[in-house]
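Please look over the sequence and the model below before reading on. The paragraphs that follow go from the whole chain to a single position in it.

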Amino acid sequence: MRIDKLLANMGYGSRKEVKKLLKAGGLKVNGEVIKDGKEQVNPEADTVALYGEEVHYREFIYLMMNKPQGLISATEDNHDETVIDILEMEDQVLNPFPVGRLDKDTEGLLLITNDGQLSHQLLSPKRHVPKTYFAVIEGEVTEVDVEAFKQGVTLDDGYKTKPGQLTIVKQGITSDIELTITEGKFHQVKRMFEAVGKKVMYLKRISMGPLALDESLELGEYRELTEEEVTMLREYRP
Ligand code: URA
């Protein structure tokens, strides 16, 4: 690829800015100063260095975030901070976006990538990728609810959900549950509980397809996926 394109893609400025940078003579490819932006480089094989610092080219970025409450799952927002705003600059330059949405007050597993194809695979309604949530519910969740979710419940807009697998973790005045669903309707978990007369007080996503939340991540922390995790996601067929 052209060297000016590579540098622009990696976040070193617009094509115009990159041109200036090259003209200044700070770029070396395999040890040789390159001033012409049209010069072709092979990002896999050539060593590209800017003012002595090696530029590692890569196309895709895959991040797992433990999303805290208060952030919007979007790339931009006029009022609130987004999950992208809290990424390091070097991660932001690759233009990643969240794969699907978690509500502002929902915590937990959020995949952030710039791989559109993988995102599409995971979100496509045709694929029925399971997502598992942990929730604290106001009220006593019972076997009646487990059965109702197994059959699918009717939401406030008349939509009947696909079966959800509900597990009661702790039963009481408030209940802890895990729920696995294979769709992603707006506020789906909250609305499923509303359909059986109960309220979600706390919601956290703990897995998406084969990917589980890394519990060593504090709220607001993120890490890159391992190669194994990326391969697992790419090859995943529910
Ligand atoms: N269901 C919800 O109600 N909210 C979320 O953030 C995710 C699933």
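A residue is called buried here when its relative accessible area is under 20%, and exposed when that value is over 50%. By this criterion, 44% of the 238 residues in the protein chain are buried. The model is a predicted one, and the values discussed here are computed from it.

In overall form, the C-alpha trace of the protein chain spans about 70 × 35 × 35 Å along its principal axes. The radius of gyration of the protein chain is 23 Å, whereas a compact globule of 238 residues would have one near 18 Å. Within these dimensions the protein chain holds seven helices and 13 strands. Of the contacts in the protein chain with a separation of 6 or more, 64% are accounted for by residues 24 or more positions apart.

The charged side chains number 31 positive and 42 negative, with the centres of the two sets lying 7 Å apart.

A single residue can now be placed in this picture. Thr161 is located in the loop that lies between helix H5 (143-151) and strand E9 (165-170).

Conventions: Residues numbered from 1 in each chain as written. Predicted model: local features only at pLDDT ≥ 70, side-chain atom pairs only at ≥ 80, totals over all residues. Heavy atoms only, no water. Helix = DSSP H or I, 4+ residues; strand = E, 2+ residues; numbered from the N terminus. Rg over C-alpha atoms; globule rule 2.2 N^0.38 Å. Buried < 20%, exposed > 50% of the residue type's maximum accessible area, 1.4 Å probe, protein only. Contact = heavy atoms within 4.5 Å. Lys, Arg positive; Asp, Glu negative; His and termini not counted. Charge placed at Lys NZ, Arg CZ, Asp CG, Glu CD.
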